[in-house]
Amino acid sequence: MFPKIGINIDPITSGILGLGLNYSAYMSEVFRSSINSIDRGQMEAALSLGYTPPRAMAKIIIPQSLRVSVPPLGNYAISMVKDTALTSVIAVTEILKQANVLASTTFQVTEAYTAAAILYLVISLPLSGLVKVAEWRVNRNVAK
């Protein structure tokens with residue numbers, strides 16, 4: 001549709017936009033549901049103490065909702081790394097596509113896909129560790 005009206009986007013930009021828009025919808029739902037998970041009494045208490053609604057959200061509700069939202073946000077970040085394989089459909093050569101090309105040219109299928117799996121693991125494990133650290137920090141700050 002876009003090329004018909006004169007807009008040409010390279011495959012990498014298209015992949016980033018596609019994955020970004022898709023995951024932003026999921027992440028916005030995570031934020032919405034984590035804010036809704038906070039008891040209404042928290043907002044009522046903040047308002048009774050003289051907070052304005054925006055200040056109550058910023059100082060009371062959102063900090064509490066972060067504790068609920070960090071684990072699913074981390075899961076979505078790790079899933080997005082794995083879903084980059086979907087961009088091969090629009091001619092982006094990413095890890096799995098490169099493994100496929102390597103396997104079809106060298107006939108070393110096991111080695112190529114094992115290397116791709118190791119690369120995904122090398123990327124996903126540090127992200128998982130970052131999520132664990134973020135959860136620990138959020139829980140530590142809430143406990144104070």
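The accessible surface of the chain amounts to about 10,000 Å², and 66% of this surface belongs to carbon and sulfur atoms. The model is a predicted one, and every value reported here is computed from it.

**Overall form**

The chain contains 5 helices and 0 strands, and its pattern along the sequence reads α-α-α-α-α. Its radius of gyration is 21 Å, well over the 15 Å that the globule rule gives for 144 residues, so the chain is more spread out than a compact globule. The C-alpha trace spans about 70 × 45 × 15 Å along the principal axes of the chain. Of the 144 residues, 19% count as buried. Among contacts in the chain with a separation of 6 or more, 66% are accounted for by residues 24 or more positions apart.

**The largest pocket**

The largest pocket has a volume of about 160 Å³. Its lining consists of Pro11, Ile12, Gly15, Ile16, Leu19, Met80, Thr84, Thr87, Val92 and Glu94. Helix α1, which covers residues 11-36, gives the most to this lining, with 5 residues. Sorted by class, the lining of the largest pocket holds 6 nonpolar, 3 polar and 1 charged residues.

**Individual residues**

| Residue | Relative accessible area | Class |
|---|---|---|
| Ile61 | 4% | buried |
| Ser69 | 1% | buried |
| Ser124 | 12% | buried |
| Phe107 | 71% | exposed |

Ile61 belongs to helix α3, which runs over residues 53-82. Because its relative accessibility of 4% is under the 20% cut-off, Ile61 counts as buried. When neighbours within four places in sequence are left aside, Ile61 is in contact with Ile35, Ile38, Gln42, Met43 and Ala56. One of these partners, Ile38, is 23 residues from Ile61 in sequence, and the two are 6.8 Å apart in space, C-alpha to C-alpha.

Ser69 also has its place in helix α3. With a relative accessible area of 1%, Ser69 is buried, because this value is under 20%. Not counting residues up to four places away in sequence, Ser69 touches Val30, Phe31 and Ser34. Ser69 and Asn8 are separated by 61 residues in sequence and by 36 Å in space, C-alpha to C-alpha.

Ser124 lies in helix α5, which comprises residues 109-143. Its relative accessible area of 12% is under 20%, and Ser124 is therefore buried. With neighbours within four places in sequence left aside, the contacts of Ser124 are Ile78 and Lys82.

Phe107 is found in the loop between α4 (95-106) and α5. At a relative accessible area of 71%, Phe107 is exposed, because the value is over the 50% cut-off. What is the phi of Phe107? The angle is near 60°, a positive value in a residue other than glycine.

Methods
Residues numbered from 1 in each chain as written. Predicted model: local features only at pLDDT ≥ 70, side-chain atom pairs only at ≥ 80, totals over all residues. Heavy atoms only, no water. 1 Å grid on protein atoms, 1.4 Å probe; cavity = no way out; pocket = protein on both sides within 12 Å on 5 of 7 lines; lining within 4 Å. Points joined across faces, edges and corners; volume = space filled by probe spheres on them. Helix = DSSP H or I, 4+ residues; strand = E, 2+ residues; numbered from the N terminus. Nonpolar A, V, L, I, M, F, W, Y, C, P; charged D, E, K, R; others polar. Buried < 20%, exposed > 50% of the residue type's maximum accessible area, 1.4 Å probe, protein only. Contact = heavy atoms within 4.5 Å. Rg over C-alpha atoms; globule rule 2.2 N^0.38 Å. Areas by Shrake-Rupley, 256 points an atom, 1.4 Å probe, with all protein chains shown as cover.
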